[in-house]
Amino acid sequence: QMQLVESGGGMVQSGGSLRLSCAASGFSLEHYAIGWFRQAPGKAREAVSCIRASDGTIYYADSVKGRFTISRDNARNTVYLQMSSLKPEDTAVYYCAADDADLLTAQNLCLFGAWDYWGQGTQVTVSA
């Protein structure tokens, strides 16, 4: 069974930090592109960051660039999203997704990719 499980969400004050984890089981993340997405109540799902499988190139949304960092740990079969300088507008449910396609740039994966697997999401709440 192929699964993605997010963890690490919670409630923090503005300016604080959290590290989200996306752990894969049933398949190896080494050969998959990974995306982090978020969705706030009443808003459309937003791509946050994507990392390609083949060359490891990374895309960040302008809203998080310089504050968030995506990384892989292949030994743990886990992808992370380190979030710092958090703002109330970062409040959302955060999802990770995986895709074995290797035809799109990291930016286009985030914007247009068709993702094969999704996690259940983890809530991040940032208070003012």
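This is a predicted model: local features need pLDDT of at least 70, side-chain atom pairs count only at pLDDT 80 or more; totals for chains, interfaces and linings use all residues.
Strands are DSSP runs of E of at least two residues, numbered from the N terminus. On this basis, Asn-77 lies in the loop between β7 and β8.

Pairing was found with β3 and with β7. Strand β3, formed by residues 18-25, runs antiparallel to β8 and is joined to it by six bridges. Within this pairing, Arg-19 is positioned opposite Gln-82 of β8. Strand β7, comprising residues 68-73, is likewise antiparallel to β8, with six bridges between the two. Here the residue facing Leu-81 of β8 is Ile-70.

Strands β7 and β8 form a hairpin with four residues between the strands, and in this hairpin Asn-77 adopts a positive phi near 55°. Most residues other than glycine have a negative phi. Asn-77 is not a glycine, yet its phi is positive, at about 55°. The relative accessibility of Asn-77 is 16%, and the residue therefore counts as buried, the cut-off being under 20%.

A positive phi was also computed for Ser-85, near 50°, and this residue too is other than glycine. Ser-85 is located in the loop between β8 and β9, the latter covering residues 92-99. With a relative accessible area of 41%, Ser-85 is classed as partly exposed, a category that lies between the limits of 20% and 50%.

Arg-52 occupies the loop between β5 (46-51) and β6 (58-60). Its relative accessibility is 14%, so Arg-52 is counted as buried. Two polar contacts of the Arg-52 side chain involve residues that follow in the sequence. One, at 3.5 Å, is made with the side chain of Ser-54; another, at 3.2 Å, is made with the side chain of Asp-55. When neighbours within four places in sequence are set aside, the residues in contact with Arg-52 are Ala-33, Thr-57, Arg-72, Asp-102, Leu-104, Thr-105, Ala-106 and Leu-109. Among them, Arg-72 falls within the residue range of strand β7 (68-73).

Technical notes. Residues are numbered from 1 along each chain as its sequence is written. Side-chain values use heavy atoms; hydrogens and water are left out. Two strands pair if DSSP finds at least two bridges between them. Buried means under 20% relative accessible area, exposed over 50%, partly exposed in between (1.4 Å probe, protein chains only). A polar contact is a pair of N or O atoms within 3.5 Å; within protein, one must be able to donate a hydrogen and the other to accept it, and residues adjacent in sequence count only if both atoms are side-chain atoms. Contact means heavy atoms within 4.5 Å.
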